[in-house]
Amino acid sequence: MQVENSVLATGEAKLSKITSLIKRLRTDLSEKTLSSSERKAILEQLKVYGRDPNNADPIFAKAGIETLAGQAFDRDLSDASREALRCLANALFLREQTRQILVDLGYAGKAAQRLKIDNRDDEFLVSRILFLMTYNTDVDFNQLEREHQIAGSINQNIARHSKRYSKHYLRKSSPSPMDEMALVETLKLLFNITHYYPALADSFTESLPHVLKILSRITVPHPPLQSPVNYLINVLMNLDLGNQQTISNPIFPDFDSKHNVECLVNILDRATTEYKEAELDQTAAPLLTLIRRVYEIAPETVRKHTRPLLLPTENDRSKPLGKSGTLPSRLLRLSTSPLLPTLRDSISSLMFELSDKDPTKFVQNIGYGFAAGFLTSHNIRVPQTALGRSGTRRSKNGGSSENDVFNPITGQRLDTESIDAGPEMTEAEKEREAEKLFVLFERLKATGVIDVKNPVEQAIDDGRFEELD
């Protein structure tokens, strides 16, 4: 029955039609007056009518929700029951109050039980219904876990999706659109459960290697941080990445401990080039936080590999930091953007973590010009030695050597700085600049953030200051 292409009733006629359809379905629940094909046809009509809530109140009333839930969960599995699930999911999405009605009718447990069925349509629809129940209802997911093992059902569904990303499976065919839609709804449900019920997070530990496998093998879209990549990242944010119940941490697999870190950095690299700057504030912040959390628990071999991927290298220092086209330079530029209040702090926090949370290393790695705002806002004092002109050079492999020095403010190597060929300042100009510097040093000293001594005060103490007659 091609309901989509038929002429639909509107206004009062639509209301009358929906009322009649709901009544027939409700009678069928108790008297079984309809065949499976007739139920499906009626539910298809309701699905189309229900997309516009105007003149569709019987669908969203308690009797309507009860009727749809009965057809969805109290009937044998069939195409008709899945059409009822579609109507129900649509109603819960359009009218918030219908979610609590469904909970009050006792269908949360039946939905959790239905999630055990190995069917992608069921997974997609039931996961969406349960996801919508996480908002503004009194449903207890702790109870759903105790009585219906909802975490186990979700873990099993994610494991099934993971198999579709095995090399053997991908050689044959790519996951279908329904596979991907079901995966997205499952990931959204998992995220909300772990967000609102953090005590249940450990129940999803077994999904960690499967989520990582999918993320590393999925075809990343353009731009990268959209469905399903963003949902995979969000789920990883809420799982215990350092859980000791696993024999070896799947984040750092035995076949290549750097594999997942490189995957995350590659996604970040693409994100910084494929999104407009203003779009990155909310989009990329979770990814940066995830990379920082992974780095925190990484073994030293992985840390050593990660630092030169995200911190400026020797090649970056041929110019003032932030001027080249590399990922570290792009991140530094974004860290000072006025359009990115959330991302700015995420980038600086990551850079600080990569610097072992040492303010001196932090200044040496990215230059005081980029480090100052973060250090000041977090009340972190900087030793005076960090601003000396004999900073440590960062090498290509992320290590350090004592051969060259760099400008502590810009991070550029001193031997590559351009020489000012402009006219020499007059004595009056020198005095004005000295006065400006004196005031700036006094203000900086007053903040208490950095331990610095005014050059004039230092000169007096060293006996290098003479008063003129």
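User: Which residue with a positive phi follows α22?

Analyst: In this predicted model, helix α22 covers residues 368-377. Its buried residues are Y368, F370, A371, A372, F374 and L375. The residue that follows α22 has a positive phi, near 55 degrees, and is N379.

User: How many helices and strands are in the protein chain, and what percentage of its residues is buried?

Analyst: The chain holds 24 helices and two strands. Of its contacts with a separation of 6 or more, 68% are between residues 24 or more positions apart. Among the 469 residues, the buried share is 48%.

User: What is the handedness of the crossing of α15 and α19, and how do the residues of the contact divide?

Analyst: The crossing is left-handed. From α15 the contact takes V265, L268, D269, T272 and T273, and from α19 it takes L327, R330, L331 and L334. By class, these residues are five nonpolar, two polar and two charged.

User: Is S207 buried or exposed, and which side chain does its side chain join in a polar contact?

Analyst: S207 sits in the loop between α12 (177-196) and α13 (208-217). Its relative accessibility is 0%, so S207 counts as buried. Leaving aside residues up to four places away in sequence, S207 touches N155 and I158. The polar contact, at 2.5 Å, is with the side chain of N155.

User: Where are P223 and P228, and what is omega for the peptide bonds from H222 to P223 and from S227 to P228?

Analyst: Most peptide bonds are trans. P223 is in the loop between α13 and α14 (229-238), and P228 is in the loop between α13 and α14 as well. Both bonds are cis: from H222 to P223 omega is near -10 degrees, and from S227 to P228 omega is near 0 degrees.

User: What are the relative accessible areas of N55 and D356?

Analyst: N55, in the loop between α2 (36-49) and α3 (57-60), has a positive phi near 55 degrees. D356, in the loop between α20 (341-354) and α21 (359-366), has a positive phi near 60 degrees. N55 is partly exposed at 32%, and D356 is partly exposed at 39%.

Technical notes: Residues numbered from 1 in each chain as written. Predicted model: local features only at pLDDT ≥ 70, side-chain atom pairs only at ≥ 80, totals over all residues. Heavy atoms only, no water. Left-handed = near helix turned anticlockwise from the far one by under 90°. Helix = DSSP H or I, 4+ residues; strand = E, 2+ residues; numbered from the N terminus. Contact = heavy atoms within 4.5 Å. Nonpolar A, V, L, I, M, F, W, Y, C, P; charged D, E, K, R; others polar. Buried < 20%, exposed > 50% of the residue type's maximum accessible area, 1.4 Å probe, protein only. Polar contact = N/O pair within 3.5 Å; in protein donor to acceptor, adjacent residues only side chain to side chain.
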